[in-house]
Amino acid sequence: MSETAKTTRPGGTPPEGQGIDYPALALNLVGLVAGVAIWWALTAGGAVGLPPPPQVAARFGDVIASGQLATDIASSLARVLTGFLLGVILAIPVGFVMGWYKVARSLIEPYLQFFRMIPPLAIIPLAIVTMGIDETPKIFVIFLASFLASVVATYQGVISVDKTMINAARVLGAKDMTIFLRVIIPASTPFILVGVRIGLGSAWATLVAAELIAAQSGLGFRMQQAQLYYDLPTIFVSLITIGLLGLAMDRILLVIERQLTVWQERV
């Protein structure tokens, strides 16, 4: 088989992680333009009570020029990144322990499933009472959202490892630590990274509610203030900014995932 055949997929496009998929990128841009065009057409016809794209773009210019958007982005990013990273850092070892040791799994899983059924937003009143109204409760509810998503994925990844690989390693004389490092971690990495991406989405989804807790800046806070004055363009600015930041962070995680799982066959 030629080298070209090895490095291309049907249709002549490179496999994921090898170069830029220009057809997919072009379709992304077409979809974006089409979405904005539909939005503009609906607002121009008066079909919906939403601000047209030029009005939102003008508000973007205003908040950028005033420095307000940069301040809000910095505040929200600090909260999301802190809560998200703390959640992931704790979730991965807890998930490994649950998957590797049945005793730990039996002890921890009931609590895990219990808290998974409680929306992180429902924890806000308790967080305010016990932690006050500074940054701690805001970060805590974001941490909880990302932790629960990531720990379940890690745990599921460990217990889903093919037992044949583990048994083969034992037959070859590998000790538990070697099996864990050379078999369990690599095989469960795709699950972990999917959980991390889901945890990131949960962190951003929780941000707006977290900034209800006596915030003075942030994208969620700005949306709540704009709601009081029916300021739809400002609400759209915050929504679009949250979406763009979340999308950018997700794409960074996707690149990391491709680098760590180059051995995995992709469609």
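1. Where is Gln224 found? Gln224 sits in helix H10. This is a predicted model, in which local features need pLDDT of at least 70, side-chain atom pairs count only at pLDDT 80 or more, and totals for chains, interfaces and linings use all residues. Residues are numbered from 1 along each chain as its sequence is written, and side-chain values use heavy atoms, with hydrogens and water left out.

2. Is Gln224 buried or exposed? Gln224 counts as buried because its relative accessibility is 17% (buried means under 20% relative accessible area, exposed over 50%, partly exposed in between, with a 1.4 Å probe and protein chains only). Leaving aside residues up to four places away in sequence, Gln224 touches Val208, Glu211 and Leu212 (contact means heavy atoms within 4.5 Å).

3. For the overall picture, the chain has 11 helices and 0 strands (DSSP runs numbered from the N terminus, helices being H or I of at least four residues and strands E of at least two). Of the 267 residues in the chain, 38% are buried. Contacts between residues at least 6 apart in sequence include 71% that join residues at least 24 apart. The chain has an accessible surface of about 15,300 Å², and carbon and sulfur atoms account for 70% of that surface (Shrake-Rupley method, 1.4 Å probe; for residues, only the protein chains shown count as cover).

4. Do look at the pairing of helix H4 (residues 68-100) with helix H7 (residues 135-159): they pack at an angle of about 30°, and their axes are 6 Å apart. Here axes are lines fitted to C-alpha atoms, for helices over the stretch in contact, with angles from 0 to 180 degrees between N-to-C directions. The contact of H4 with H7 draws on 19 nonpolar, 8 polar and 3 charged residues (nonpolar: Ala, Val, Leu, Ile, Met, Phe, Trp, Tyr, Cys and Pro; charged: Asp, Glu, Lys and Arg; polar: the others, Gly among them).

5. Which residues touch the most other members of the largest nonpolar core? They are Phe84, Ile142, Ile184 and Trp204, in a core of 40 residues (a nonpolar core is a set of buried Ala, Val, Leu, Ile, Met, Phe, Trp, Tyr and Cys residues joined through side-chain atoms within 4.5 Å). Helices that each supply at least two residues of this core include H3 (53-66), H6 (124-131) and H8 (163-171). H9 gives the most to this core, with 12 residues.

6. Residues up to four places away in sequence not counted, Ile142 touches Arg79, Val80, Gly83, Phe84, Ala203, Thr206, Leu207 and Ala210. Another core lies apart from the largest one and has 11 residues, among them Val94, Ile123, Phe143 and Leu144.

7. Trp100 belongs to helix H4. The C-alpha atoms of Trp100 and Val158 are separated by 6.9 Å, although the two residues are 58 apart along the chain. Val158 is also one of the residues that Trp100 touches, along with Arg170, Asp176, Ile179, Phe180 and Ile184, not counting residues up to four places away in sequence.

8. Two further residues deserve a glance. Tyr230, in the loop between H10 and H11, has a phi near 50°, a positive value in a residue other than glycine. Tyr230 is exposed because its relative accessible area is 74%. Arg251 lies in helix H11 and, at 44% relative accessibility, counts as partly exposed.
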